[in-house]
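Thank you for making time this morning. I would like to walk you through one model, and I ask you to keep the sequence and the picture in view while I talk.

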Amino acid sequence: MKENKERIVLDVAYQPQVRTNTDTRRIMLDVIIALLPAVAVAVWQFGLYPLAVIAVSMVSAAFFEWAYRKLMKKTNTVGDLSACVTGILLALTLPSTAPLYLPVIGSLFAIVVVKQLYGGIGKNFLNPALAGRAFLLASYALVMGRYAVPNALSGAVDGVTMATPLAELYDSHAMPVYYSLKSLFVGTIPGCIGEISAAALLLGGIYLIVRKVISWRIPVSFIGTVALLTLIFGGEGFSNVDWMLYNVLSGGLMLGAIFMATDYATSPVTLNGQLLFGVGCGALTVLIRYFGGFPEGVSYAILIMNLCSWAIDKAFHRHQFGVSREDIAAAKQARKAAKEAAK
Amino acid sequence: MSHTFKGGVHPNYMKAPEIPATVIAPPAQVVIPMAQHIGAPCKPLVNVGDYVKMGQKIGENPAPVSAPVHASVSGKVVAIEPRPHPLGDMIMAVVIENDYQDTPCEDLAPLTEEQLKDPDAILDRMREAGVVGMGGAMFPTAFKVRGGIGKVDKLIINGAECEPYLNGDHLTMLNFPQQLLRGIELVRIASGVEKAYYGIEKNKQDAIDLLNSLNPAQYGIEIVPEEVKYPQGGEKMQIKAVTGREVKPGQLPAGVGCNVVSTRTAYAVYQACYEGKPVIERIVTVAGSALKAPVNGLTRVGTPFGYLAEQCGGFVKPPRKIVLGGPMMGICATSFDAPTIKGTAGVLFFTEEEDKHVDNPTCIRCGKCITVCPMNLEPVFMYMYYSKGDFANMEKYHITDCFECGSCSYNCPARMPLTHAFKTAKLMFQAKAAAEKAKAEAEAAKEAQK
């Protein structure tokens, strides 16, 4: 025993000596798991091709992450799965007819320009997947706007592509009969690969909240703001409640509010700041939908709010335990008095 | 209403109170450090070669913030020299060779009926018996209680035992409920308050039921069941949970009329007053994945860690760390020869399994540290400014209010060394303040010379 002890080298560290099992990799894996219902609905409505888009997107995102860091002689971070999450999220914002070069180009922009040039995970200030989508939307507007007819509607309409419910909502101010609220909720509608089913995305959102990967603050304030504003302002040809429900269930709102706006690196970390961030995203979305050139405003709303995250966090710096409202007011008073005295 | 605080984490508790408290046989030699409390270290009262009895006072310092130390076995003093201290460094210690007779020392007689009702007698006995905060802080209890007289209207006994692994408080509640309640009553009388509140986390429901069945009201005690959450046992969190009062930054608990005393301390007060027994032993949880057979063992003060490990059947895997206290706030010992002291609630032998170290931790800005911080701080920004060495912003983000509970680091998926950074930053602030003070004094001296 005695000799044995002398050979043992003891580590010394400050507390805590134990850590939770949930690490970055586990969190990213949870996000991928939460997206599976949406992927399943995509396969149900668009066949197996979307799987190819998703696979190409994930693999190329991971490859660009690995290659960039290898080239720059940095540590390999592919293992944390964050690049895979960017890849799958980017693929889910593409139309189901997207040619396979789209996700490759999108991933290159998202991973290298948006994420790695600013230092990699946690350092980027724009959501990589959304920035990649915005890049593709600007560069390949035609292919990005081609939405395939879902399997559920294959007999009901002519042609291979059709207008999304959101486009109908804002362009013709009338809903074709096959776009019922139920079909929007279940996901039997045209649209981007991952955005069609509100139900599947909500299921994923609940999973993420239960697993404590995200908090309720951003999704609830985001969706709540869109609901409130559309309910108040209404739309031509619809009752206000119908207009509100169509707005909430169509477009990329669910995907954006649950999976994009909650991106760690680009959203505020302060609790009240997250609420304001969600409200801002919601207000901008409604503004763009009502007055913008594009039918959909979720992506740009989130990207604009990403730029405000840092300022929001600074503004919502909170007071420590034991400091009451009266204390804060008293301190403010004292500062004011000191200023007056200095004058 | 649920009694708790905002924030906190739920670590893997790893508790094993079903292992009954066993008695760890005293070692052949005990090492009694002269500093087992916050405050002035003791001066040895004995010489090499002296024979000492079990419980005999062997070290003392007349300073107000201090506590005497006592021999935990009977036998011959074989050395008085600096020895490895559990908190690091080499500290003067009295080494006693055990004669295995446990010849008791009769210096401290049990208090009489009248004395048991006299606050001064109780406080004097606390001091004489070397009672310190045995939750780990080791602040001399008599000084703390005396300082609170007149200011404190609510005495709080801390039975949260929120640290993983540790079971000593729980087992004390189960095995000595009557004695414990009497001990709390003594602290209450000494504090000069009408009522003591005993906050216990609900994961010790059996203990709560047992204590309630003994009619705690007759001792002026109310049991307060609390939500199970770390760091419920933190002083400020405990006060918030029981009374709803919040201790302001820089304020002492007495400032909001509260004093917090730990379970084990209250039991030590009972032993000192009713049995005339000084603090020479306590239940120590010896556990960790390196050990063959973990125990909750009644252990004499001064038992070396290496000996404790042997008593637990030795190691099944090579240990990498010796952690003192619980794993959330416990610090690492640097030597197998360092002994247990009054504040040692646990000795954990950890292997690489517990260590989830990563080489290049990168913050992913998830903000989980903010949601768990019981002090309402923002560790993600504190760490950022710490890495930049930005003192002004560290202060603005209240880095010195951190009490190093470890919740943020525990919960960090990126494994950032948050608590480590804040502890270091606090030391940097102390050093800076000291340097500024020295500079000001030197300048004042210069002025005076002119």
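Predicted model: local features only at pLDDT ≥ 70, side-chain atom pairs only at ≥ 80, totals over all residues.

Let me begin with chain B, where the domain assignment gives domain 1, covering 115-275, and domain 2, covering 368-449. The C-alpha centres of these two domains of chain B are 31 Å apart, and the contact between them involves 5 residues of domain 1 and 5 residues of domain 2. If we look at the domain 1 side of that contact and sort the residues by class, we find 4 nonpolar residues and 1 polar residue, with no charged residues.

In chain A, the bond from Gln15(A) to Pro16(A) is cis, with omega near -10°, and Pro16(A) sits in the loop that runs between helix H1 (2-7) and helix H2 (24-46) of chain A. In chain B, the bond from Tyr230(B) to Pro231(B) is cis, with omega near -5°, and there the proline, Pro231(B), belongs to the loop between strand S11 (221-226) and helix H6 (235-243) of chain B.

Tyr100(B) has a positive phi of about 60°, and its place is in the loop between strand S8 (90-98) and helix H1 (119-128) of chain B. Is Tyr100(B) buried or exposed? Tyr100(B) is exposed, because 10 other C-beta atoms lie within 10 Å, and the cut-off for exposed is 12 or fewer. Asn376(B), for its part, has a positive phi near 65° and is found in the loop between helix H9 (368-372) and helix H10 (379-388) of chain B. Asn376(B) has 17 C-beta neighbours inside 10 Å, so it counts as partly exposed.

Gly251(A) is buried, because 28 other C-beta atoms lie within 10 Å, where 20 or more are required. Which residues does Gly251(A) touch, if we leave aside those up to four places away in sequence? They are Leu166(A), Glu195(A), Glu296(A) and Val298(A). As for Gly297(A), it is 46 residues from Gly251(A) along the chain, while the C-alpha atoms of the two glycines are separated by 8.8 Å.

How values were computed:
Residues numbered from 1 in each chain as written. Chains lettered and ligands numbered in written order. Domains from an automatic or database assignment. Contact = placed C-beta atoms within 7 Å. Nonpolar A, V, L, I, M, F, W, Y, C, P; charged D, E, K, R; others polar. Helix = DSSP H or I, 4+ residues; strand = E, 2+ residues; numbered from the N terminus.
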